Structure formats: C-alpha cells, structure tokens
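Please keep the structure open while I talk.

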Amino acid sequence: MDCKKAQRVFDDLSHDRLSPEDAVAIRQHLADCTDCRVLQQREARLQRLLALKRYERPAPQYFDNFLTEFHKRLSVELQPSVPWWDRMIGGIDEILSAESMQVWRYALASALGVTMIVGLMWTGVRDSDETNDGTAAFTANSSVALLSPIAAPSSTDLPADDQLATTDTQPVLMRGDAESATPQYVLDRISVTPASYDVASVHF
Amino acid sequence: MKFGAKNISENKPVAGPSAPSSLSVASEHQLDLQHQDDETLVAQTQKGDANAFDVLVVRYKERLYATIYHMTSNHEDTNDLLQDTFIKAFKSIDRFRGHSSFYTWVYRIAVNRTINFLKRRKNRNQYSLDDLESSIQTDPDLVEMMSHATPRREVSLTELQQKLNEALQKLSEPHRAVVTMHDVQGMTHADIAKVLKCSEGTVRSRLFYARQQLQGLLSDYL
C-alpha cells in the first residue's frame with residue numbers, strides 16, 4: 001500500500017470501517033512509514049479533540065418552552081398576510097389617534113384638503129390654458145386665409161376633385177354650384193368690406 | 001384529509017403550557033402518539049393531527065439543536081434556526097413522500113437553512129457558547145490530552161472550547177457541515193452524502209481538506 005492510498009483511509013481505520021485485509025495492510029504500512037504514522041496520529045488526535053464538542057449542552061431549562069414558542073411562531077407564520085395598503089392606513093390611523101396628535105390631526109386634515117383644492121385648481125387652469133393656446137395658434141395660422149376669401153371660380157376653372165380639400169374655414173364649392181350658390185365667409189358680418197369682395201372689382 | 005396551513009392553524013391554537021395541544025397535558029391520545037414511529041406520526045400529521053408533529057419536534061429537537069449549534073457556535077442563532085427548521089418542515093410536510101426517513105428530511109432542512117444563514121452572516125461571528133457538561137472532566141480523550149505536560153495544554157476547558165469553536169468557524173460552510181456531522185456527531189459518510197445530496201467521494205474530500213485546515217489551526221493541541 002502506498003502513502004497516498006493509506007492516507008485516504010485513515011478515517012476508515014479509526015472508525016473500524018476497513019475490511020480485515022485492508023486493516024492489516026494499512027497497519028503494516030504505518031509500521032514501516034514514519035511520515036504516515038505521524039500524520040495518522042495527528043488526525044486521530046484531531047478527531048478526539050473535535051469529539052469533545054459533544055459535551056457542549058444548552059442550559060437544562062433551554063427546551064422547557066420550546067414547544068410553546070414553536071406554536072407561537074407557527075401561528076404567526078400561518079396568519080394570512082395583510083395587504084400593504086391596509087398596513088399603511090392602519091399605521092396612519094394609529095399615529096393620528098395618539099393623544100399627542102389631537103391638534104396635529106386637524107392641521108394635517110386641513111393641509112390635505114388645501115393641497116387637494118390647489119391641485120384641482122391647478123389642473124383646471126392648466127387644461128384651460130392648453131385649450132386657449134390651441135385656439136390662438138389656430139387663429140393666427142388661419143387669419144390670412146380668413147381675410148382673403150377665395151373668389152368664386154368660374155365653371156371653367158373649377159378645381160379638380162383631388163384639389164377640393166381646402167381648409168375648414170373656406171367654403172367648399174361643389175361642381176356646378178359656382179354660380180347658383182354664394183359662398184359664405186366668416187368675415188361677412190364685418191362692416192369693412194374686403195377689397196376682394198368689392199363687386200366692382202370683380203371681373204368675370 | 002390533506003390539510004393546508006389554515007386547517008393546521010385552526011387545529012393548533014397558540015398553546016401555553018396548559019393549552020390542550022401541549023404535551024405537558026398528557027392526554028391518552030398524546031401518550032399513544034409518543035409510542036408511534038416516525039412514519040406513523042408523519043402520516044397522522046398529514047391527516048391533520050397537529051399533535052403528532054409535536055411528538056416529532058420533541059423527539060428530534062435536541063439532536064438538531066446540536067447540529068445547528070456546532071455549525072453556528074451561537075445558541076441564540078441556533079434557537080431561531082431550529083424553530084425555523086420545524087416551521088418549514090411543518091409547512092412542507094404535505095410534500096414529504098417518505099423517500100428518506102423523516103429525520104434525514106428534517107436534518108437536511110436544518111443543515112441547508114444553517115448553511116444559508118452562515119453565508120449571509122459571513123464574517124460576523126459572535127460566539128455564544130453553551131455550557132460544558134461536567135462529565136467532560138472524565139472523558140478518556142481529554143484526560144489523555146491533559147496528561148501531556150506541555151505548557152500549552154494546561155489550558156482551561158473554557159479556553160479549549162473557545163479555540164475549538166473559533167477554528168471551526170474559520171472553515172467554509174460546507175466543510176464545517178461535514179466536520180460537524182462526521183467528527184462531532186459521528187455520522188457515516190453515506191448518511192452525510194444523503195443529507196447534503198452529494199457523493200460519498202465529495203464528503204470524503206471535504207473532510208480531508210477541512211481536517212488539514214483544522215490541523216493547522218489547532219496545532220497547539222495536537
């Protein structure tokens with residue numbers, strides 16, 4: 001038996017787990033090999049030293065309430081979990097119901113109310129601004145078009161179908177309506193007649 | 001009847017020493033349970049008899065305590081881990097199919113939870129050591145060790161205990177688990193392999209390297 005193989009079975013030798021043949025072989029090796037014998041003796045002493053830990057024991061009354069504590073912990077573990085919002089509301093309620101919070105809770109409620117009102121107002125103002133801005137922009141972009149109505153075209157220069165898509169502020173002329181229908185303009189009600197609307201200046 | 005957590009909770013009130021489910025109240029049923037083997041108790045627990053699990057707790061709490069304690073060297077942590085182990089076992093007992101013994105199964109839970117705990121607690125070792133039994137004074141190995149008249153060996157038992165625990169805490173968690181199970185508790189390689197779900201070769205290898213490290217750490221006592 002070589003040293004490497006012998007060292008692998010030191011543990012089995014000390015626990016009498018070797019077959020009789022192997023036990024004889026390793027004992028023979030240990031008798032012949034000083035290095036292995038020293039190693040084996042050190043390992044055996046280490047095992048005996050570690051085994052002394054068996055004498056460590058908890059205090060005698062340590063396990064007296066073990067089962068009771070186990071039941072307590074188990075019942076806590078098995079309780080259904082409370083949702084986070086319930087815990088949060090419960091926590092706030094607990095804080096506010098404290099004696100020292102009697103004055104503060106009114107202050108807090110007022111502050112929350114004011115915050116909500118301000119928030120709602122701010123949201124409303126912002127929405128209103130957005131609507132107004134949109135209208136103003138639209139008006140600015142379309143003012144030229146409004147001030148310059150398209151003259152009613154003659155039947156010969158009616159736009160093609162695909163060119164009929166005009167802005168919403170301009171009346172759409174239907175084919176054949178050129179003479180029968182007078183176009184209506186937004187600025188018709190303005191007292192100053194635009195030059196382009198002066199009948200005298202219109203030449204057909 | 002298979003039972004879920006709710007049923008167990010109903011069957012098992014928070015028990016004080018005088019609560020009906022406590023073993024201190026020796027009802028006939030409970031006395032009967034104490035004589036049952038593990039398989040029967042597990043089957044009873046799975047059917048909803050929470051008292052049967054109490055018997056298993058009482059039966060194995062000390063052995064599991066020792067295993068966890070030798071790995072943590074702290075009896076407060078050990079208490080928490082032991083409670084956690086039994087709670088985990090109780091909640092999972094429906095899934096226990098009897099492929100191994102109940103003890104191996106619960107032992108595996110304890111060791112795995114302890115290893116995970118130690119990994120999280122890394123480098124924060126706080127010793128809280130148990131008492132030494134007075135019978136250690138007559139242990140032949142200790143007597144033999146103390147009989148060697150070297151100054152270093154004239155240490156107090158408390159100091160020896162401290163050094164042993166410090167040395168063990170310097171091992172990696174898997175190595176410490178193997179040394180605890182084999183050298184302290186006397187389990188076989190095969191049993192350790194079952195608990196750790198690894199091969200016997202792995203157990204032997206871990207034991208070999210752990211002992212080499214321990215020989216260096218405890219050279220004054222060898």
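I will begin with how the model should be read, and then turn to the chain itself.

This is a predicted model, in which local features need pLDDT of at least 70, side-chain atom pairs count only at pLDDT 80 or more, and totals for chains, interfaces and linings use all residues. Residues are numbered from 1 along each chain as its sequence is written, while chains are lettered from A and ligands numbered from 1 in the order in which they are written.

The model scores ipTM 0.78 and pTM 0.63. Where pLDDT is low, the predicted coordinates should not be read in detail.

Chain B has eleven helices and one strand, taken as DSSP runs numbered from the N terminus (helices H or I, at least four residues; strands E, at least two).

Now to the pair: the axes of α9 (residues 173–184) and α11 (residues 200–217) of chain B come within 9 Å and cross at roughly 95 degrees, the axes being lines fitted to C-alpha atoms over the stretch in contact, with angles running from 0 to 180 degrees between N-to-C directions. That makes α9(B) roughly perpendicular to α11(B), a term for angles of 65 to 115 degrees.

How values were computed: Parallel < 35°, antiparallel > 145°, perpendicular 65-115°, else oblique.
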